[in-house]
Amino acid sequence: DDDGRNEIPFSEDGNVKLADQGGIEKLATGAKSGQNKNANLWAGRFNGTEPAVYFTQQNNITRVNSSENVTEVYASGNTDIVGGVGDVDPTQDGDELVLSRWGELGYKPVSGSFEKSTSSFSPGDQDSLGQPADFNDDGVARVPIVDGSSDLRLVNLSNGEASDKLENNSNDLKNSPIASLDYDTDGLPEVVYVSDSGKIKYIDGLENSSTGNVKNVTDGNGDPVEVSDTTAGVA
């Protein structure tokens with residue numbers, strides 16, 4: 001909202017809200033509930049629009065800006081979750097809006113209809129999706145998901161291929177939202193997630209390996225960061 005403060009969008013009881021050091025503001029209502037009865041959100045720009053919070057409302061993708069203006073982005077009628085925006089298909093102009101629809105992973109280009117992934121891998125739960133990102137600097141954004149076998153994979157939506165399991169211990173992985181961010185500031189994003197044991201972990205080295213290296217997110221003392229609610233996700 002250009003007030004000089006960073007905002008954090010979040011959902012509570014079906015309401016989309018915005019928090020910063022100046023307080024909390026409710027932006028929209030009617031957000032579709034996910035596994036933990038809260039909406040799955042993505043914040044940013046798509047197709048040249050101003051910054052907004054994207055969410056699922058009445059099974060359609062909707063966005064709301066800081067002025068509380070709600071706009072329908074994609075009227076699919078059956079959207080599960082918004083994954084985010086990234087260049088997942090180099091043959092399209094601009095970035096694409098990634099989503100899960102009827103349990104199928106796919107994307108909405110700037111112009112055109114929903115494109116279903118040809119991959120046999122789809123999110124095992126409506127929450128088990130992360131933001132697309134270029135993890136190995138090859139120019140194509142891949143989408144992290146937890147599949148139906150509770151394995152973490154990166155899916156290339158342009159060719160349908162999926163990576164080997166990123167987390168080899170499927171018993172230590174939650175079906176919950178995943179983050180894609182450069183946690184260790186090495187110039188490339190990592191996959192960050194909440195483990196079944198309650199530790200926040202990240203997978204590094206995806207530019208050199210199909211599986212990467214699993215590491216703990218640690219505090220200032222070098223101890224693993226843990227969460228009390230292991231159904232929670234990472235944004």
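Select Glu-104 to begin: this residue is partly exposed, with a relative accessible area of 26%. The model on screen is a predicted one. Glu-104 belongs to strand E10, residues 104-108. Lys-116 and Glu-104 form a salt bridge, and their closest N and O atoms are 3.3 Å apart. The pair links distant parts of the chain, since Lys-116 sits in strand E11 (residues 115-116) and Glu-104 in strand E10, twelve residues apart. Lys-116 is partly exposed too, its relative accessible area being 49%.

**Strand E9 and its neighbours**

Keep Glu-104 in view and select Arg-101. These two residues are bridge partners, Glu-104 on the E10 side. Five bridges join E9 to E10, and the two strands run antiparallel. Between them the hairpin has two residues, and Trp-102 in this hairpin takes a positive phi near 55 degrees. As background, most residues other than glycine have a negative phi.

Next, colour the whole of E9, residues 96-101. Is this strand buried or exposed? Six of its six residues are buried, so E9 is largely enclosed by the rest of the structure. The cut-off behind that word is a relative accessible area under 20%.

Show the side chains of E9 and look along the strand. Glu-96, Val-98 and Ser-100 point one way, while Leu-97, Leu-99 and Arg-101 point the other way; all of them are buried.

Then select strand E8, residues 79-86. E8 and E9 pair in the antiparallel sense over six bridges. To find one point of contact, pick Ile-81, whose bridge partner in E9 is Ser-100.

**An open sheet of four strands**

Move to strands E4, E5, E6 and E7. They make up an open sheet, in the order E4-E5-E6-E7, with antiparallel pairing. Which strands lie at the edges? They are E4 and E7 (70-74), each of which pairs on one side only. On average, neighbouring strands of this sheet are turned by 35 degrees against each other, direction ignored.

Arg-63 has Thr-71 as its bridge partner in E7.

At the other end of the sheet, follow the chain from strand E4 (42-44) to strand E5 (52-57) and stop in the loop between them, where Asn-47 is found. Phi of Asn-47 is near 60 degrees, a positive value in a residue other than glycine.

**The second largest pocket**

Stay with E4 and E5, because each of them supplies at least two residues of the lining of the second largest pocket. The volume of this pocket is about 220 Å³. Its lining has 14 residues, and to find the centre, select Asp-1, Glu-7, Leu-18, Pro-51 and Ala-52, which lie nearest to it. By type, the lining divides into eight nonpolar, three polar and three charged residues.

**The loop between E1 and E2**

Select Asp-13, found in the loop between strand E1 (8-12) and strand E2 (15-20). Its phi is near 55 degrees, a positive value in a residue other than glycine. Is Asp-13 buried or exposed? Asp-13 is exposed, with a relative accessible area of 69%.

For another, select Asp-3 and Arg-5, whose side chains meet at 3.3 Å, N to O. Asp-3 is partly exposed, with a relative accessible area of 34%, and Arg-5 is partly exposed as well, at 37%.

The last stop is Asp-147 with Arg-153. These residues form a salt bridge, the closest N and O atoms being 2.8 Å apart. Asp-147 counts as buried at 5% relative accessibility. Arg-153 is buried, with a relative accessible area of 13%.

Methods
Residues are numbered from 1 along each chain as its sequence is written. This is a predicted model: local features need pLDDT of at least 70, side-chain atom pairs count only at pLDDT 80 or more; totals for chains, interfaces and linings use all residues. Side-chain values use heavy atoms; hydrogens and water are left out. Buried means under 20% relative accessible area, exposed over 50%, partly exposed in between (1.4 Å probe, protein chains only). Two strands pair if DSSP finds at least two bridges between them. On a 1 Å grid over the protein atoms alone, a cavity is a set of points where a 1.4 Å probe fits but cannot get out, and a pocket is an open set with protein on both sides within 12 Å along at least five of seven lines; lining residues have an atom within 4 Å of a point. Grid points are joined across faces, edges and corners, and a volume is the space filled by probe spheres set on the points. Ala, Val, Leu, Ile, Met, Phe, Trp, Tyr, Cys and Pro count as nonpolar, Asp, Glu, Lys and Arg as charged, and the others, Gly among them, as polar. A salt bridge is a side-chain nitrogen of Lys or Arg within 4 Å of a carboxyl oxygen of Asp or Glu. Axes are lines fitted to C-alpha atoms, for helices over the stretch in contact, and angles run from 0 to 180 degrees between N-to-C directions.
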